[in-house]
Amino acid sequence: MQQQLIIKIVFIATLVIAVFAFWALMTYLWKPKKRWPSWVAYLILIAAWFGVIRYYFLNQVELFGTPHYMWFNLFRAESYAFISAIFLSVPVCIVLAILYALVNRISNKVPEADRTGRRAFFRTVGTVVPLAALGGTSYAAFTGQRDIIVTHESFGYTNLPEGLKNYKIVQLSDIHVGACIDLNDLDEILRLALLEKPNRVVITGDLIDKMSWLPETCERLRTFAKQIPDGVDYILGNHEFHHDVHRIVKDIKAKTPINVLINSNIQIMGGKQPVYIAGVSYDNERKKENRETMITKALSGIPKHAFVIFLAHHPEFFSEAIERNVPLTLSGHTHGGQIVLFGIPIAPTGVPYVKGRYTEKNSVCYVNNGAGHWFPIRVNCPREITVITFFDGK
């Protein structure tokens, strides 16, 4: 919790600096005759924006279902776009301001009347950059919030257990029921999952961010789980630990038929080669010795000849899965990087396994983009539901 508080303080401080720096740079490039009226208007605009977005965050649950909710929700999504545009614009505007100052210094002997073209150029560029950034981030926020894809992935294994042939598992990850993903979005995610007619569903962490929606989330999951023939398995992600992990686990266990795997496993098929699902928790602690302890506990009691489907919110656990010859690891956490350019995720995740399928030795890992998010800016990386089927690779 202390770590999260520090992160919030740093983010807010950075945002405040960026907001003020942006307008300081804009007024420098525009050179208005009087700067204070533009500052007053800008500060009023920022204060109004902050007031509306704070009202939304504090009253989202009460606003949900009202005629005004759709507009508040759109305003919330585009607010992320506004923030992103400022962060993108500030570095460019700093470069423009430096160039402007250098040009002025070099040509300070040029008559004032001859400087209008230079001023017009920098004013134009200084206007186009933030407008272009806002246009791009607004589109990315709108499509990121709207678009969701269903990805079909087939995994082949030599001597696959008979029961897994053509067996279908739907993976949901990083739903983040809260500010960005509301109950309507959750209904749509669950509807799309049901359309695939899976044998089983796994939820690989970061289920909920807004605790006031936990009762409704449990109600929906209870109805959903009853329609899945072999049930639903759920592991904890770091966002559960950011909130009230004990209440989340207690409510899901008490109010739904979902299997909660906390560094534990369950057998889902018997026979000569039994099949197990094992799951670890992720509480932001990334030390290897902690991961070793958790995966050892999660795999405890599983026969060496068993086929294991390993659920780990953070794909960093794939390293330990490789060491133990675990056939399949299903992860999330990274949101696929959220911003992918030329096929390369550019958002820093601190882990080599960011998006899609990875194969190392005898082990495979699939990293889901997330069926939801807490930050809606997405580029070439839509929200994702993964449908997994198995076939005998002979």
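## Around strand β7

In this predicted model, strand β7, helix α9 (residues 288–298) and strand β8 form a right-handed β-α-β unit; right-handed means that, with the strands pointing away from the viewer, the path from the first strand over the helix to the second runs clockwise. Helices (H or I, at least four residues) and strands (E, at least two) are DSSP runs, numbered from the N terminus. Local features need pLDDT of at least 70, side-chain atom pairs count only at pLDDT 80 or more, and totals for chains, interfaces and linings use all residues. Residues are numbered from 1 along each chain as its sequence is written, and side-chain values use heavy atoms, with hydrogens and water left out.

**Burial of β7**
- All 6 of the 6 residues of β7 (residues 275–280) are buried, so the strand is largely enclosed by the rest of the structure; buried means under 20% relative accessible area with a 1.4 Å probe, protein chains only.
- In a regular strand, side chains alternate between the two faces of the sheet.
- Val275, Ile277 and Gly279 are buried on one side of β7, and Tyr276, Ala278 and Val280 are buried on the other.

**Neighbours of β7**
- Strand β6 (residues 264–269) runs antiparallel to β7, joined by 5 bridges; strands pair if DSSP finds at least two bridges between them.
- Ser264 has Gly279 of β7 as its bridge partner.
- The β6–β7 hairpin has 5 residues between its strands, and Gly271 in the turn has a positive phi of about 95 degrees.
- On the parallel side, 6 bridges join β7 to β8 (residues 307–312), and Val275 has Phe307 as its bridge partner.

**The whole protein**
- The protein has 10 helices and 14 strands.
- Of its 394 residues, 49% count as buried.

Note on methods:
Buried means under 20% relative accessible area, exposed over 50%, partly exposed in between (1.4 Å probe, protein chains only).
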